Amino acid sequence: MRLNDVALYEPGEALPLGPTGDLSLVSGLDSLELWAPRAIATPPGALLHRPAFGGGVERHLGRANSLGSLVADVRATLQGDRRVTSARVQAQASATSPGHVEVSAEVVTADEQPGQLRMEF
């Protein structure tokens, strides 16, 4: 089953329209690439009607020895979404931005599309 989302990119950008004038849609890995950073950065409980939504990555930033729990939270966030059937996650301190963490995930989507996600928090 292929799941579609409205193509939303950066705050303040106009909503992209397709050739028919309808909102542009994304699916598969493209959808996941747009969703994942926002979901992982959202603190759990921040969405009133979805209190379990969010990875809460900020609670791990700047803390010693927290990469293991950050990886577990990112994996749980990714695998908690119906677009993802599996996720292998790694994290390391950013080489270029002190206090930031680079996260990479090898994922397989629900439509069996493998992909690589890279994010920095």
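**Sheet, helix and core: a working chat**

User: What is the bridge partner of A87 in β4?
Analyst: A87 is bridged to V107 in β4. Bear in mind that this is a predicted model.

User: And how many bridges join β3 to β4?
Analyst: There are 9, and the two strands run antiparallel.

User: What stands opposite V107 in β5?
Analyst: G115 does. β4 and β5 are joined by 7 bridges and also run antiparallel.

User: So what is the strand order in the sheet?
Analyst: β3-β4-β5, an open sheet of 3 strands with antiparallel pairing. β3 and β5 are the edge strands, each pairing on one side only. From one strand to the next, the twist averages 20 degrees.

User: Which helix lies across those strands?
Analyst: α1 lies across β3, β4 and β5, and runs at about 30 degrees to β5. α2 packs on the sheet as well, touching β3, β4 and β5, with its direction at about 155 degrees to that of β3.

User: Tell me about α1. How many residues does it have?
Analyst: α1 has 14 residues, 28-41. From first C-alpha to last it reaches 20 Å, close to the 20 Å expected at 1.5 Å a residue.

User: Where does it bend?
Analyst: At W35, by about 35 degrees. A proline, P37, follows within four residues.

User: Which residues of α1 are buried?
Analyst: G28, L29, S31, L32, L34, W35, A36, A39 and I40.

User: What is S31 in contact with, leaving aside its neighbours within four places in sequence?
Analyst: D5, V26 and R83. S31 itself lies in helix α1.

User: Switching to the core. Which residues touch the most other members of the largest nonpolar core?
Analyst: I40, L78, V89, V103, V107 and L117, out of 22 residues in that core. The elements giving two or more residues to this core are α1, α2, β3, β4 and β5. The largest share, 6 residues, comes from α1.

User: Take L117. What is it in contact with, sequence neighbours within four places aside?
Analyst: L29, L32, E33, A36, L78, V103, S104, A105 and V107. V107 turns up again here: it is the residue bridged to A87 and standing opposite G115.

User: Last topic, the hairpin of β4 and β5. Which residue takes a positive phi there?
Analyst: E112, with phi near 60 degrees, in a hairpin that has 4 residues between the strands. E112 is a residue other than glycine.

User: Is E112 buried or exposed?
Analyst: Exposed, because its relative accessible area is 68% and the cut-off for exposed is over 50%. E112 is found in the loop between β4 and β5.

How values were computed:
Residues numbered from 1 in each chain as written. Predicted model: local features only at pLDDT ≥ 70, side-chain atom pairs only at ≥ 80, totals over all residues. Heavy atoms only, no water. Expected span 1.5 Å × (residues − 1). Bend = angle between axes of the 7 residues up to and from the residue. Buried < 20%, exposed > 50% of the residue type's maximum accessible area, 1.4 Å probe, protein only. Contact = heavy atoms within 4.5 Å. Core = buried A, V, L, I, M, F, W, Y, C linked by side-chain atoms within 4.5 Å. Pairing = 2+ DSSP bridges. Axes fitted to C-alpha atoms, helices over the stretch in contact; angles between N-to-C directions.
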